[in-house]
Amino acid sequence: MRLLSVAQLNTYLRELLDTDEILADIWVEGEVSNLSRPASGHCYFTLKEADTQLRAVCWRSAVARIPAMPVNGDAVLAHGRVAFYEASGQIQLYVDMIRPAGVGLLAARFAELKARLAAEGLFDPSRKRSLPPWPRRIGIVTSPTGAALQDMLTILRRRFPLAEVLLAGCQVQGVGAAESVVAALQSLYQTNVDVIIVARGGGSAEDLWTFNEEVVARAVYASPVPVVSGVGHETDTTIIDEVADLRAPTPSAAAELVTPDQVELRADLEALQAQLDETIGTMIDQRHDLLALATRNLHQLAPAARLEREQHRLHELMQRATAWIDHATALRHAQLAGLTAQLSALSPQATLARGYAIVRRTADGSVVTVPSQVATGDMIGITLRDGELEAQVRETGSAP
Amino acid sequence: MTGASSTEAYEVLFSRLQAIIARLESGDLPLADSLALYEEGVALSASCQHLLDAAVLRVRELQQQDAGG
């Protein structure tokens, strides 16, 4: 037997309760009463069932995350931890989520986890990574025996057989499924896959529950590469759909989302081939034109052609020269005839015939036109129409 | 089993093909070089096609070192 002070006992009780795992994470169903919400923003109430009751407190930060706060008399599911409050010596439920009791425990757990992980930033859109355009290695986490795997492989074979698939088989439902999915994810994180699909075929809400487990959500969140979720049917939404980088409505859709279609790749190749042909074709056409131009230039510059051109020019010049000379000769002939006629008109014979005479100095034969050209006694010759006279100058005088 | 996947091989060929076209379109190459590039481009395109034709999806099952391992 021991003796403890109140403080010692209360501390002991608090520590005792704190070590209990069930009390650390618990849903409690009951009816709300004595609800009070003072200015502090915290919320205090009592959960009742028949004639039993439990004190509950909900801190202001948790109140903010609860979509609809209950009022007195509401039947609710309250989530939180149970602890011993030493100051008042009372056991209290510290509530972090409240759901109407009608929605069922799974839905309540789903809403609580979703709100909590959202608040923690696990669904943050800014965290979403884009998928590799051409995946090299695709990791798949699913049941190795499920139809979902075959559906996905069929699509991957058809669309993008260049890729390699690394299959991390796991258990997708039942006890231990969450841990199996986590182990499969983690084994893929050790490889060099560049995208991961987490998939499961359709099933009931309970069948799909594995993908609403917190450990699975956190394992997906920790992925070093983009994760695509493809769980159930189009209408099913799971927590990992929110955490994944991309949500696909079904496993087949996930396989389509992570791969390009080889039909498009082939079309791209064809387009590039056409571009290649066109580029080189244009280039060759240009060279052809340049060659034709150069050939023409060359011909014009060739010596033979140049010689021919010069000969042609020379020939033309010669023709022009000949014509010119002919013309000039004819002109001279005509001029000569004219001059001859003129000359004959100017001949002294005609003058002599009219009675004039030409006097020359006998000494040098020069024609005497003024008296001063001769002196007295000089011999002179006189030319008349029909002969010559020899005479001697007797006297010279000046002109009359 | 490591080494380049078919995707990587395809990527290498395809990006080389794109580079060749860009080079050719810049248009400042001697004709002989252009023709050599063109021939390489045609061969690359054929290789890409061949890779697609011959590709068979490889599926490898991962041996798990069980949870916690």
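Along its sequence, chain B runs in the order α-α-β, where helices (H or I, at least four residues) and strands (E, at least two) are DSSP runs numbered from the N terminus. This is a predicted model, in which local features need pLDDT of at least 70 and side-chain atom pairs count only at pLDDT 80 or more, whereas totals for chains, interfaces and linings use all residues. Residues are numbered from 1 along each chain as its sequence is written, chains are lettered from A in the order in which they are written, and side-chain values use heavy atoms, with hydrogens and water left out.

Colleague: What span does helix α1 of chain B reach from its first C-alpha to its last?

Modeller: Helix α1 of chain B covers residues 6-26, which is 21 residues. The expected span is 1.5 Å times one less than the number of residues, and that expectation comes to 30 Å. The helix is close to it, reaching 30 Å.

Colleague: Which elements are included in what covers the buried residues of α1(B)?

Modeller: Buried means under 20% relative accessible area, with exposed over 50% and partly exposed in between (1.4 Å probe, protein chains only), and the buried residues of α1(B) include B:Y10, B:F14, B:L17, B:I21 and B:L24. An α-helix has 3.6 residues a turn, so residues three or four places apart point the same way. Taking contact as heavy atoms within 4.5 Å, the cover includes α2 (31-54) of chain B together with two elements of chain A, β6 (137-142) and α10 (262-301).

Colleague: How much area do chain A and chain B bury between them?

Modeller: The contact takes 40 residues from chain A and 40 residues from chain B. In chain A, A:L162, A:L269 and A:L276 lose the most area to chain B, together 19% of what that side buries. Buried area is the accessible area (1.4 Å probe) that two parts lose on being put together, summed over both; here 64% of it lies on carbon and sulfur atoms, and the total is about 3,800 Å².

Colleague: Which residue of chain A forms a salt bridge with B:E8?

Modeller: A salt bridge is a side-chain nitrogen of Lys or Arg within 4 Å of a carboxyl oxygen of Asp or Glu, and the rule finds 6 of them across the interface of chain A and chain B. B:E8 is also among the buried residues of α1(B). In its salt bridge the closest N and O atoms are 3.1 Å apart, and the partner is A:R136.
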